[in-house]
Amino acid sequence: MASKSLIFQFVVFSICSAMANSAEFKYPAVFNFGDSNSDTGGFAAGLGFQLASPYGQDYFKIPSGRFCDGRLIVDFLTMATNTCILRLLTIISICIPCAKSIHLDFPAVFNFGDSNSDTGALISAGFESLYPPNGQTYFQTPSGRYSDGRLIIDFLMNAMDLPFLNAYLDSLGLPNFRKGCNFAAAAATILPATASSLCPFSFGVQVSQFLRFKARALELIAKGRRFDKYVPDENVFEKGLYMFDVGQNDLAGAFYSKTLDQILASIPTILVEFEKGIKNLYDQGARYFWIHNTGPLGCLPQNIAKFGTDSSKLDELGCVSSHNQAAKTFNLQLHALCTKLQGQYPDSNVTYVDIFTIKSSLIANYSRYGFEQPIMACCGYGGPPLNYDSRVSCGETKTLNGTTVTANACNDSSEYISWDGIHYTETANQYVASQILTGKYSDPPFSDKMPFLLKLNAVEVAMDPSLPCCQHLVSAILAMEPSECLISLARACGGGSITDHVQQFIWDHCLSSPGDFHAPYLKIFLKKLITQVEFDHGDVLDHLYELYAHYMTSFKDDNLGKKNARICKRISFLFPHGAQYGHQIGSGVGLVGLCLAHVKASKVILSDGDLSTLANMKLNLELNHLNVEPDMPQRNKDPSMVKCLYLPWESASESQLQDIMPDIVLGADVIYDPVCLPHLVRVLAILLNQMNLGFCRQRASCKDPSPNIKHESGEHDHKDAIDRSDGRCKAIDNDGSNCLSKEAPVAYIACVIRNIETFNYFLSLGEQANLDIVDLTDSMKPVNLLCYMQSYNQASVRLLRITCSNTQ
């Protein structure tokens with residue numbers, strides 16, 4: 001069968017070494033009999049089908065009828081001579097990379113499991129194909145892993161300063177088995193495979209593969225030092241770490257044909273088979289066992305789509321209750337088995353790792369760690385809420401009901417926990433690995449021996465001894481603890497406050513080289529760190545601000561330009577009559593103006609009285625794909641054109657201000673300096689009292705609340721009046737119709753009351769300038785947009801509407 005083709009390719013080493021010294025290897029012809037291990041096209045030709053790409057890609061460039069990416073063993077043998085074989089051995093010795101030096105406890109790792117830790121076995125066996133976008137995040141191409149990047153096992157290997165494990169079945173891919181071997185295969189079960197199994201490499205078969213691997217490695221070692229580069233040392237088999245992550249498929253697959261009670265009753269049988277495999281490994285010298293329990297199966301989109309259509313069968317997280325109950329029962333009995341094994345083999349070390357709790361906590365608290373989607377698959381078909389269809393795997397294109405569909409990936413996989421509805425994204429795998437490495441989810445715990453704490457020994461020399469919690473803070477960040485925990489530890493480091501010294505330490509040891517850190521997680525931490533320092537009236541280091549700005553601008557799928565974004569909905573009240581002309585005073589970085597340009601404003605002017613701020617504002621506009629207008633043509637209707645205007649309040653002339661003629665004047669946090677307030681009020685009075693337009697003054701005065709005035713309540717007489725129902729001034733005829741289409745301009749000012757005397761001074765100046773100032777805070781509730789804000793008292797945030805109260 002095709003499944004056997006790569007299983008035996010490891011024997012090329014022994015074949016070549018046995019033949020290398022032979023005196024004669026010359027035959028006029030070869031007649032071959034066998035199966036897919038040496039089938040060069042007979043099976044495909046006999047049944048009339050063609051193997052699809054990427055079969056044959058490495059040598060023939062097209063499918064050649066061989067169940068391989070290139071040539072088979074028989075191809076190499078038929079072309080072999082003494083010189084050829086020796087050359088082959090030379091190529092192998094040159095191309096196989098040497099392993100890194102060992103710094104931690106375990107010299108090698110031998111892994112057993114299913115697709116959660118398969119680094120290429122099932123794909124190498126030819127049972128399945130993985131298509132892009134699998135592997136896109138790290139490897140840039142499908143790597144045999146069922147994820148967009150690295151798996152938990154990859155992060156654990158990296159933490160232990162060991163290279164990624166090569167799959168046992170991928171033994172002709174120039175692998176290096178010096179530091180261990182991966183026997184895990186996707187779809188594998190603990191129970192022996194049956195004719196209907198998706199994968200023949202069950203746990204028992206994987207153990208048998210290990211026994212063969214060890215025996216062959218010892219044979220090669222006995223032949224001399226020339227094989228030391230390719231296989232583990234003899235003592236590695238006793239000192240190495242044996243990792244296990246298997247059992248998920250025994251439970252999940254059973255739900256298709258059994259009841260929950262039947263599945264629960266079968267768990268002891270499953271674990272008997274697992275115990276038998278552990279005993280075989282122990283008899284072969286294994287002493288260090290690292291056993292993962294199974295995760296929350298009911299939270300996988302695959303299982304929700306099939307078994308969660310009835311909402312009564314879902315728990316509070318939206319996961320299938322029966323599947324999670326089975327997983328919990330399995331884990332409980334697996335934990336008991338681990339305790340039994342530790343007692344049965346006192347010279348061994350059996351560590352039980354609670355993966356279920358780690359993954360459940362991640363799903364329940366996903367937003368705390370920077371994720372946006374706890375359940376929905378990133379790569380799939382079908383859209384929300386699951387984006388999963390069992391008929392179309394990630395990257396596949398198929399015809400469903402006459403329509404061609406493709407299971408595409410999301411824009412940013414780091415926002416998703418689930419990659420393809422069955423497996424996790426690299427970012428989620430990284431989080432799980434970081435929690436495993438804390439040691440607190442293990443029995444027995446190994447917090448004092450966790451790999452990255454050992455790495456901190458080198459950092460410890462450079463730590464300031466005056467900061468008592470430095471090591472705990474670094475460890476918490478490496479373990480991706482919640483931001484609240486990090487802030488608490490940072491405070492402890494600074495003796496109660498996050499000092500400049502503590503900020504610099506965080507930068508030097510945690511942030512300056514973020515490496516594999518989950519960017520959304522660091523973004524959340526930085527946001528809370530900056531907020532806390534500001535709340536304590538401290539100074540935030542510039543590079544912390546800059547890094548946070550980098551994270552703010554580098555994420556994919558920016559929501560600012562989306563018309564359904566929340567900010568667009570919240571400021572739509574500014575334009576009840578369609579597109580308007582907006583002018584922001586004291587614009588700063590221009591954020592408010594950017595929002596205007598992305599909503600309905602027909603024209604936007606951003607002004608500020610500081611030239612350096614103006615230059616930064618123009619750069620922000622360019623980064624947001626808005627065109628900076630070189631001159632200010634009257635009423636340009638192109639919403640992508642934004643004007644940056646140098647407008648110092650104290651020197652702006654009346655004619656300059658009257659030329660602007662805005663419909664809306666906006667200001668954000670401009671009421672704070674008593675020295676500037678008279679100039680600010682003068683600017684507002686001129687912008688809002690547009691006498692040169694000749695409207696309103698022909699009808700009535702906005703100031704005099706005569707019976708002809710329409711008030712906020714909506715009441716007015718039958719005579720001519722001035723409509724100010726929305727805070728704007730427009731003439732109304734006796735019949736109630738507008739006599740002029742032009743409305744009076746209105747200003748909206750958002751401010752923070754830091755000093756009540758300064759705020760009252762502004763109100764007094766406004767009254768003297770005949771400005772009507774109405775507080776809209778209670779009705780508009782702007783603080784709903786600032787639910788995260790802690791650096792200011794939310795009760796001090798006010799939203800003001802300002803209009804003219806006299807048009808002469």
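What is the relative accessible area of Tyr 138? The value is 37%, which places Tyr 138 among the partly exposed residues; buried means under 20%, exposed over 50%, and partly exposed in between, with a 1.4 Å probe and protein chains only.

## Basis

The model is predicted: local features need pLDDT of at least 70, side-chain atom pairs count only at pLDDT 80 or more, and totals for chains, interfaces and linings use all residues. Residues are numbered from 1 along each chain as its sequence is written, and side-chain values use heavy atoms, with hydrogens and water left out.

## Aromatic rings

The whole structure holds 31 aromatic pairs, counted where ring centres of Phe, Tyr or Trp (its six-membered ring) lie within 6.5 Å; planes under 30 degrees apart are stacked, over 60 edge-to-face, and the rest tilted. The ring centres of Tyr 138 and Phe 139 are 4.9 Å apart and the planes stand at 80°, so this pair is edge-to-face. Phe 139 is partly exposed, at 23%.

Two charges sit over rings, a term that requires NZ of Lys or CZ of Arg within 6 Å of the ring centre and within 35 degrees of the ring normal. Arg 287 lies over the face of Tyr 282 at 3.8 Å from the ring centre, and Lys 359 over that of Tyr 424 at 4.5 Å.

## Sheet and strands

Helices (H or I, at least four residues) and strands (E, at least two) are DSSP runs numbered from the N terminus, and two strands pair if DSSP finds at least two bridges between them. An open sheet with mixed pairing has 6 strands in the order E2-E1-E3-E4-E5-E10. Strands E2 (180-182) and E10 (442-443) are at the edges with a single partner strand each, so one side of each lacks a neighbour in the sheet. E5 (residues 349-353) pairs with E10 in the antiparallel sense over 2 bridges, and Val 353 stands opposite Ser 442.

In strand E20 (residues 797-804), 8 of 8 residues are buried. One face carries Val 797, Leu 799, Arg 801 and Thr 803, and the other Arg 798, Leu 800, Ile 802 and Cys 804. E20 runs antiparallel to E18 (residues 746-752), with 6 bridges, and pairs with E19 (residues 771-775) in the antiparallel sense over 5 bridges. Ile 802 is the bridge partner of Ala 747, while Arg 801 stands opposite Val 774.

Of the 10 residues in helix H13 (residues 355-364), 7 are buried, including Phe 356, Lys 359 and Leu 362. Asp 354 caps the N-terminal end of H13, with a side-chain oxygen 3.4 Å from the backbone nitrogen of Phe 356.

Ser 414 lies in the loop between strands E8 (403-406) and E9 (416-418) and is buried at 12%. Beyond four places in sequence, the contacts of Ser 414 include Gly 370, Phe 371 and His 518, where contact means heavy atoms within 4.5 Å.

## Salt bridges

There are 16 salt bridges in the whole structure, each a side-chain nitrogen of Lys or Arg within 4 Å of a carboxyl oxygen of Asp or Glu. Asp 389 and Arg 391 form one at 2.8 Å between the closest N and O atoms; Asp 389 is buried, whereas Arg 391 is partly exposed.

Lys 528 and Glu 484 form another, also with closest N and O atoms 2.8 Å apart. Lys 528 lies in helix H19 (residues 519-535) and Glu 484 in helix H17 (residues 483-493), so the pair ties together parts 44 residues apart in sequence. Salt bridges with shared partners join Arg 368, Glu 484 and Lys 528 into one network.

Note on methods:
Polar contact = N/O pair within 3.5 Å; in protein donor to acceptor, adjacent residues only side chain to side chain.
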